[in-house]
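The following paragraphs lead the reader through one protein model, from its overall composition to selected details. Please keep the sequence and the structure in view while reading.

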Amino acid sequence: MAGLIKREDIDEVRQRTDIKEVVDGYVTLKGAGLGSFKGLCPFHDERSPSFTVRPQVGRYHCFGCGEDGDAISFVQKMDHSSFHEAVEKLAARIGYELRYEDGGTGPSREEVGKRQRLLDAHKIADEFFRAQLLTPGAAEGRNFLDGRGFDRAAAEHFGVGYAPQGWDALLKHLRGRGFTDAELKLTGMFSEGNRGIYDRFRGRLIWPIRDIAGDTIGFGARKLFEDDQGPKYLNTPETTLYKKSQVLYGIDIAKRNIAKERQLVVVEGYTDVMACHLAGVTTAVATCGTAFGTEHIKVARRLLSDDGSGGEVIFTFDGDAAGQKAALRAFEEDQRFTAQTYVAVEPSGADPCDLRQLKGDAAVRELISTRKPLFEFAIRATLRRHNLDTVEGRVAALREAAPVVAQIRDSATRPGYTRNLAGWLGMPIEEVSGYVGAAAKRAASGGTAGANTAGPAGQATTAAAPPSSGPVFQRPDPRDPIAGMERQALEVVLQEPGVLGGGAWERFEASHFTTPAYAAVHTAVRAAGLAHSDDPVAWVEQVRQEVPEPLRPLVSELAVTPLPASTPEAMQRYCRDILARLFELQITRIKADKMGQLQRLDAGANPEEFQRLNRELMQLEMERRALRSDG
C-alpha cells in the first residue's frame, strides 16, 4: 500500500533534479544570460518568450501569466498528475529510491526497472508499426485510412501503424533489440501457444494507446482482412502498464486543450478521435473497449480542474438503442462531476468519423456545438419508453422520470427541468413537483442521516468561511527607485547567497526594507537563516515556505529573474555592487535620522549626547566611504 513519501526524500528529489532537463522535454529553451534560460510559456499563448528557468535555484517563472514553481509542480501541471505521482516520476528519472511514512511502500528500484523495460518495448514496437505502414504489405491499411479521409500526415500525427501478416515479425524485432521472452510476455503484445510466444497483432491497422504523459502503454488493432478470424477491434489485454478502465485514447494530445478550454469530448473510437481533432475539436478522447467509468472520471476531473467553477463534459453516442443506453450510463456517472455534462447525438446516427466524410469538418464542429444537456437527454429517453397518449402511460412516465430529475444536483437547475418535465408530459406543474420532491426525499433518506443540504453544483452547503485576515500585498511600483533597489538586493540574495559572507549577512539582516512585499520577503530570508544557503534549491524553497502564501510566486520570480552578468567574475562584481548600494542606502537613512536628532538637541544642555551623535555620524560616514571604496 502506498504511503506518504518522506519529506527528506521529496527535498532530495527536488534538489537532485535538473529542472532545465525536465522543462526541455516540453519547452524549447534558449540561453538568457548567465545561468538563465527562456522559452515560450507552456501555460498560456504568447509570441515572445517570457517563461524563465533558473536551474541553479531549481525554479521557473513566467513573467507573462505568473505561473511559477519547481520541477515537481512543473511535472504536475504538464502531466496533470498528483504531487505523489510527480515525485515518483522524477525519482525514477534520477534513479532515487523513495521511502514512505507509516510503513507504506512505493515502487522498488526493481519494479521501476521492470516498468521502464516495458515502456521501452512499447516505444520500439510503436516505431516498428509506424515504419511498417509505409511498406508494400500495408497497402490495405493505407486504403482503409484513405477511405475514411485520413492522409499520411494524419496517420503520422496520431502515430497510426501496421502489424505485418505473419507470426513473428514484431517478436523477432524486439528479440533483436535485446528483450527476453519473459519480458515480452508481460507486454500484452504477444500470445502464447504450444511452441512459445507469437505476435498478438497480425495484418491489422495499429493505434498506439498512450498515457497522459505520452508514453505508449498499449495498442488498439483494427481487422483489415476477411480471413482474420479475430474480432473487429483487438486491444492489448490488461497489463501492469495498461488498465483499460483508466485509459483514454488521445489524452496525450488533447490534455492541454482540455485544460485550456475546460472541455472534454468523449467519443467512441480511434477514428472518431482523429476526425474530431482534424475538424478542430481538439478536446476529444475515447475509451478503450469499456464504458466511461469512475477511473476515467478521475482523469477528467484532474484535467478540467473540476472544482465547481465550470467546465463541461460532452458525450457523443450513436442514436440507436445502444447509444441511448450508453448515454444513460453516463448520466449515472454524471453525479460524480461538478462540471456540466452534455450529450451530442447526430440524428442520422452518424459517428464523428462518418459525419466528417459525409458533410465535412464544419459538421463535426456543429455536432459538438449543438450539444444538449445530459439531463434532458436522459429524461426524454425515459419518456420514450411510455405511451404518453394515455393517462396510465403519462403517470408511469412521471414515476420513472421524477427520480431522474431529482438526481440533478444543481438546486437552481432542478426546478427548470421539473417545469420541462411537466410540459413534456402535459401535466400540472404542482403534481410533477410533488413527485420530484418525493423522489428527492427518498434518495436523501437512503443516504447518510443528517447530510448537508445540496447546494449549487451539488456541493454540500456549509457556513461560509470567514474572510482571510492575512495581510494583503500590493505589487511594488517598478518606477519607485527605492523599491527597485530592494528588489535587486533580494534577487541577488536569493540567487547568489554566497555573497552574504564576511559580515554581509549581519548588514543584510539589519537592513530596513520599506516596500511591504519586499519587506516580507526580507523577513522570510532572515527567518530561513543561512543553514541551507550552500544549496540554492533548498535555500529558495526554505524562503518560499517562510513567506505568506500570496507572496510565494514573487519569491520564485525574484529567484529566476536573469541577473545582468555574462561571466562568473562579472556576476560577483554585480552582486557585491548591489549589496553595497543597499547597505549605503541603509547608512544614508540612519545618518538622516541621527542628523535630525542632532538638530533637535540642545548641545549646551546635553554635551555628552551631542558628542556621541557626532561620533556615530563620523563612523557611519567612514563606513559609507569604505563601501564605495570596496565597490
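Two strands are said to pair if DSSP finds at least two bridges between them. Helices (H or I, at least four residues) and strands (E, at least two) are themselves DSSP runs, numbered from the N terminus. The model is predicted, with local features needing pLDDT of at least 70 and side-chain atom pairs counting only at pLDDT 80 or more, while totals for chains, interfaces and linings use all residues. Residues are numbered from 1 along each chain as its sequence is written, and side-chain values use heavy atoms, with hydrogens and water left out.

The protein chain holds 26 helices and 17 strands. Of its 631 residues, 46% are buried, where buried means under 20% relative accessible area, exposed over 50%, and partly exposed in between (1.4 Å probe, protein chains only). The chain exposes about 31,000 Å², of which carbon and sulfur atoms supply 50%; accessible areas come from the Shrake-Rupley method with a 1.4 Å probe, and for residues only the protein chains shown count as cover. A contact means heavy atoms within 4.5 Å. Among contacts in the chain with a separation of 6 or more, 66% are between residues 24 or more positions apart.

Strand β3 (residues 51-54) runs antiparallel to β4 and is joined to it by 4 bridges, with arginine 54 as the bridge partner of arginine 59. The two strands form a hairpin with 4 residues between them, and glycine 58 in the turn has a positive phi of about 70°. Strand β4 also pairs in the antiparallel sense with strand β5 (residues 68-69), over 2 bridges. Here histidine 61 stands opposite aspartate 68. The hairpin of β4 and β5 has 5 residues between the strands, and glycine 66 in this hairpin takes a positive phi near 90°.

Strand β6 is joined to the antiparallel strand β9 (residues 204-210) by 3 bridges, and glycine 161 has isoleucine 206 as its bridge partner in β9.

The other is an open sheet of 6 strands with mixed pairing, in the order β12-β14-β13-β15-β16-β17. At its edges stand β12 (248-249) and β17 (372-373), each with a single partner strand, so one side of each has no neighbour in the sheet. Strand β12 and strand β14 (residues 284-287) run antiparallel and are joined by 2 bridges; tyrosine 249 has alanine 286 as its bridge partner in β14.

Which helix lies across β12, β13 and β14? It is helix α11 (residues 270-279), running at about 175° to β14.

Two helix pairs can be examined next. Helix α1 (residues 7-16) packs against helix α4 (residues 83-94) at an angle of about 55°, with the axes 10 Å apart. This angle makes α1 oblique to α4; angles under 35 degrees count as roughly parallel, over 145 as roughly antiparallel, 65 to 115 as roughly perpendicular and the rest as oblique. Ile10, Val13 and Arg16 of α1 make the contact with Phe83, Val87, Leu90, Ala91 and Ile94 of α4.

The axes of helix α23 (residues 536-546) and helix α24 (residues 552-560) come within 8 Å and cross at roughly 155°, which means that α23 is roughly antiparallel to α24. The contact involves Val540, Val543, Arg544 and Gln545 of α23 and Arg552, Val555, Ser556 and Ala559 of α24.

Finally, tyrosine 574 is found in helix α25 (residues 568-600). Tyrosine 574 counts as buried because its relative accessibility is 15%. Not counting residues up to four places away in sequence, tyrosine 574 touches Gln488, Val492, Leu563 and Pro564. Tyrosine 574 and valine 492 are 82 residues apart in sequence and 8.7 Å apart in space, C-alpha to C-alpha.

Conventions:
Axes fitted to C-alpha atoms, helices over the stretch in contact; angles between N-to-C directions.
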